[in-house]
Amino acid sequence: YQEKEIKILAAEIDRLKNFGSLEVSPSLEGLRDENAKLKYRLNVLQKSLQEERNKSVKSMININSRIQEIFRDAIKAAYPDLENPPLAVTPSQQPKFGDYQCNSAMSITKMLSKTNEQKVSPREIADNISRNIPDNEYIEKVEIAGPGFINVHLRKDFVSKQLSSLLVNGVQPPAIEIRKKVVVDFSSPNIAKEMHVGHLRSTVIGDSMCRLFEFVGYDVLRLNHLGDWGTQFGMLIAHLQDKFPDFLTVSPPIGDLQAFYKESKRRFDTEEEFKKRAYQCVVLLQSKNPDFIKAWKLICDVSRKEFQKIYDCLDIKLIERGESYYQDMMKDIVQEFEDRGFVQMDDGRKIVFVPGCSVPLTIMKSDGGFTYDTSDLAALKQRLFEEKADIIVYVVDSGQSVHLQTVYAAGQMIGWYDPAVTRVVHAAFGVVLGEDKKKFKTRSGDTVRLIELLEEGLKRSMDKLKDKERDKVLTEEELKAAQTSVAFGCIKYADLSHNRMNDYIFSFDKMLDDRGNTAAYLLYAFTRIRSIARLANIDEEMLQKAARETKILLDHEKEWKLGKCILRFPEILQKILDDLLLHTLCDYLYELATTFTEFYDNCYCVEKDRQTGTIVKVNMWRMLLCEATAAVMAKGFDILGIKPVQKM
């Protein structure tokens, strides 16, 4: 009997494990027999399963995905013999065409015409699909239009219930099947060089991607792949020895590391004796001589403090793992490629040709030193095998495309990963241009220092607020919060609102404009929405009570349009998870803000006496639509790394 019970419990555990990535606590001490251990495990798994189910009840529904599932079933029922029938469901562009549209009938006609002699019209196919739509809670009705488009009209009570759920549970991520491990490599400045405007894109885009992955429940490792190793440290250490000979006992006052770097580079290029000593320093550093390791750490610490000032300004969280982290792994990487017969000798260098790639990887130089190729291969392997990443994203400029694709292809060639199972992707981005459409530089032709750019943003933001006389209505604290929110919000949004693949023009005037698709406009729209309830004397508690008890009416066309727009949020997030293009979220937030303005201009939320200005009536269901809009906007801002304020 006991053996039978154990088998039943074990089968139940396997079934529950397959539900998702539910973890079982390994702490089974004190549980003596196998049966007790299995019961304990079953209890843990059932508890985890219930938590997962509770989460999925609260999750926002991706309506597009649900409509797709319904049409997939309908097409399967209508045409059971059709293999991989095309499925095309998109939001309708005009209200007269319903809320969603299925355009599969035309493609199915082409497929059937190849297999059947009898001709069938797309309208007949659309009609057949429509008759096979299963009962569901989402669709009110379908209509066939034109040559065979199926227009889908959603149920108003379904949309109303989803909006109420959003208000009661908060903006929850769409349900995910498996909690994936994601590594995002971004920012990655070089030690002893200041962060410049080029680092802004990688830092802002990478942080936003991490925020999205974290929001949907993935386990995210945010890595800063610092340039903290290499031959340049030889000249820096040699220069440090000359300039601060007592650096081992007295901390050297390196104020301007950029100037320090330039001095050492000038000496390296002009003084032959210094150049020789710099090479000796590299050898001693790579052999881990304690004095040289200390010198290296001192230089890294000075840079780190400067980088941190920028990360604090932009609210960026990163784990530092520079090139030095992978040094001890590189010898094994070379050995592995040699053992597999992939290495060729070329004038003393060890190179690897990767099928389909134009340039070989150099994994060892003729002097026995390693290269960027070696360290990038080591980093890729470590992330795959030690971090056990399901997704690895490299947020690096497009100029590195060929190099990274070659590294990824080498990883596949040697069998480290299968792209059908593990997603390794280069999230490439274009360069930042000045308003003259040339590479963004200072007037003297130097690269723009990032810290100076952020300071300029703060100054211009305060000027803008004072132009609007905000300093007369806001407290000093509120004004400072608005200044920071607008300055850093506008800089981030200007970057994120452009397709990252393209170059973009950096313009403070455009990004601080409070008209059009800018952070300044959206932040102002958000504070305005938040102020509606405040000015009507409705507090958080009253809104929560109304969310539980008041049905959200969607009778006016602008209420209906806004309600549907709010609920498209999970669709937008899913699209970005697929293509990693964050401008889609910016476009959505702008659409949501403008749709809200249409609603607010046409639907009274608070009705006042025209003579006295006193509040006569509050239409609570419309106040809830305001609250739902603000909640989704706030979550969108959070994913973009933008901090809104209550008053502006």
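## Cavities

A cavity is a set of points, on a 1 Å grid over the protein atoms alone, where a 1.4 Å probe fits but cannot get out; lining residues have an atom within 4 Å of a point. The model is predicted, so local features need pLDDT of at least 70 and side-chain atom pairs pLDDT 80 or more, while totals for chains, interfaces and linings use all residues. Residues are numbered from 1 along each chain as its sequence is written, and side-chain values use heavy atoms, without hydrogens and water.

The second largest cavity is lined by R201, I205, D495, L496, H498, R500, L581, L582 and H583. Helix 7 (197-215) and helix 16 (476-496) each give two or more residues to that lining. Its volume is about 40 Å³, counted as the space filled by probe spheres set on the points, with grid points joined across faces, edges and corners. Helices are DSSP runs (H or I, at least four residues) numbered from the N terminus.

The largest cavity has a volume of about 90 Å³. Among its lining residues are E194, M195, R449 and L450, and helix 11 gives the most, with four residues.

## Cysteines

The whole structure contains zero disulfides, a disulfide being a pair of cysteine sulfur atoms within 2.5 Å. For C300, the nearest cysteine sulfur is that of C281, 15 Å away.

## Annotated region

UniProt, in an unreviewed entry, lists residues 28-55 and 451-485 as "coiled-coil region"; such annotations may be inferred rather than shown by experiment. Residues 451-485 are 77% helix and 0% strand, strands being DSSP runs of E, at least two residues.

Methods: 1 Å grid on protein atoms, 1.4 Å probe; cavity = no way out; pocket = protein on both sides within 12 Å on 5 of 7 lines; lining within 4 Å.
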